[in-house]
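Hello,

Here is the structure I promised to pass on. My notes follow below it.

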Amino acid sequence: MRYLAHLLALLAAATLCAQPAAAQSILRDAETEALLQEMAAPLVEAAGLEPGNVDIVLVNDPSINAFVAGGQVVYIHAGLIEAADTANEVQGVIAHELGHITGGHIIRHSDGANAANNISILSMLLGVGAALAGAGDAAMGILMAGQRAAIGKYLAFSRVQESSADAAGAEYLSKAGITGKGSLDFFKKLQNQEFRYGISQDDDQAFVRTHPLSGDRISTLRESYIADPAWDAAPDPTLQIRFERVKAKLFGYVNDTSRTLQKYPESRTDVPARYARAYAYHKVALIDQSLAETEALLAMAPDDPYFLEVKGQVLLESGRAVDALEPLRKASALTGNQPLIATLFGHALIATEDKANYEEAERVLRAAVARDRLNPFAWYQLGVVYDAKGDMPRARLASAEQQVMTGQFPAALASAQVAEAGLPVGSPDWIRAQDIGLQARAALEEARDRR
Ligand SMILES: [Zn+2]
């Protein structure tokens, strides 16, 4: 699991500036994204949206919330995953959020094809300026999406919009043949305010604040769910098993180690508990304990790409890059070079500081960004490889990609100009450098006009 640093999003638009925005970040994890995508797929289809165009994005925020903002993206807080007991509950939330998308309850941008464009365009519309937390974070790369995540806290829907999203969500669940039981359970849970974690009540109730909840809503939902033939359909058991894994790994990743060990004590030897502890120990540099958990997981499932990924990550981040290569190479192969895993593998190849590995690193990273451009960390790594090879124009182009994605527009413009000057005229890379230059310049002009 890769954590794309903190973003200090400063809300400049007066209308939205009721409260200062909290630091927000996006969590990207191959296993989690694959699961959320699969959980959403039948609902996306039922909603008449194009499956490939709807992204489910995980926000590193402990409060219970989910929202949509621009384009076709559903944001889900880590706190919501923690609060949900079943994959079916989360599917209920996704169905409801899709209802907000199809209902047009959001600021939309008609050209929904490119997520990166949506991100920057929406930021401009709302007048959001970003301040980067520091050079280290900038190197890691921060997705602009983090800004939108912050915005979501302050965009509340009206009761009319809530009812319409509820009705649409119920329709999508029904069409997909998924029971509304989880949805009902989750809303009841929120209503009863059962969930009070170690954070303020305000934050606990984020979902209720952005999606006003009433007794009427719940009884209306119950009526339509119960009448539906899907009501008695059993939820997919394999999704539930995967959900429990993802939930545990997320828990271990975001929480204090002591809290994880309370919830997943050493006495538990099941997969979710070991998974949670592998991350929990790694967080506090208890490398041997963390590796013991990953070995136990791999003993149960030697070809599980995500177990291999976490083992590789622990080894890499504890300074054992050479040892990390084998599990990461295998994890990449098993997932058909899943871009986030391939990025980690590319990082490990570079971290060996063995020039013989750089060619493979370049190949792996290029393939990763070709499939998933929104990966500032992969661009950063690719820049390192080009730099080591003495290919300065491409090193600067990779920097430009990373900088424009993380909102560092002056730097992106400068990098793009240097790249353009050094690349063969008319080549795809040269065209790309021009595009980035234009995008950065437009963003800078927009910012100046706002002032
Ligand atoms: Zn809502």
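A285 comes after helix α14 and has a positive phi, near 60°. Helices here are DSSP runs of H or I, at least four residues, numbered from the N terminus. This is a predicted model, in which local features need pLDDT of at least 70, side-chain atom pairs count only at pLDDT 80 or more, and totals for chains, interfaces and linings use all residues. Residues are numbered from 1 along each chain as its sequence is written, and side-chain values use heavy atoms, with hydrogens and water left out.

**Helix α14**

Helix α14 covers residues 271-283, 13 residues in total. Its first and last C-alpha are 19 Å apart, close to the 18 Å expected at 1.5 Å a residue. That expected span is 1.5 Å times one less than the number of residues.

The helix is largely enclosed by the rest of the structure, because 11 of its 13 residues are buried. Buried means under 20% relative accessible area, exposed over 50%, and partly exposed in between (1.4 Å probe, protein chains only). Among the buried ones are Y275, Y279 and H282. Their cover includes α1 (30-46), α12 (237-254), α13 (257-263), α15 and α16. Contact here means heavy atoms within 4.5 Å.

**Salt bridges**

The count comes to 26 salt bridges. Each is a side-chain nitrogen of Lys or Arg within 4 Å of a carboxyl oxygen of Asp or Glu.

R274 pairs with E293, with the closest N and O atoms 2.8 Å apart. This links distant parts of the chain: R274 is in α14, E293 is in α15, and they are 19 residues apart. Both partners are buried, R274 at 18% and E293 at 4%.

E362 has two such partners to look at. One is R366, at 4.0 Å from N to O. Both sit in helix α19 (residues 358-371), four residues apart, about one turn of the helix. The other is K389, at 2.6 Å. K389 lies in helix α20 (residues 376-389), so this pair ties together parts 27 residues apart in sequence. E362 is buried at 14%. R366 is partly exposed at 37%, and K389 is partly exposed at 48%.

**D304**

Where does D304 sit? Its place is in the loop between α15 (287-300) and α16 (305-317). D304 counts as buried, at 11% relative accessibility. Leaving aside neighbours within four places in sequence, D304 contacts R245 and L298. Salt bridges that share partners join D29, E31, R245, K249 and D304 into one network.

Best wishes

Definitions and conventions. Helices (H or I, at least four residues) and strands (E, at least two) are DSSP runs, numbered from the N terminus.
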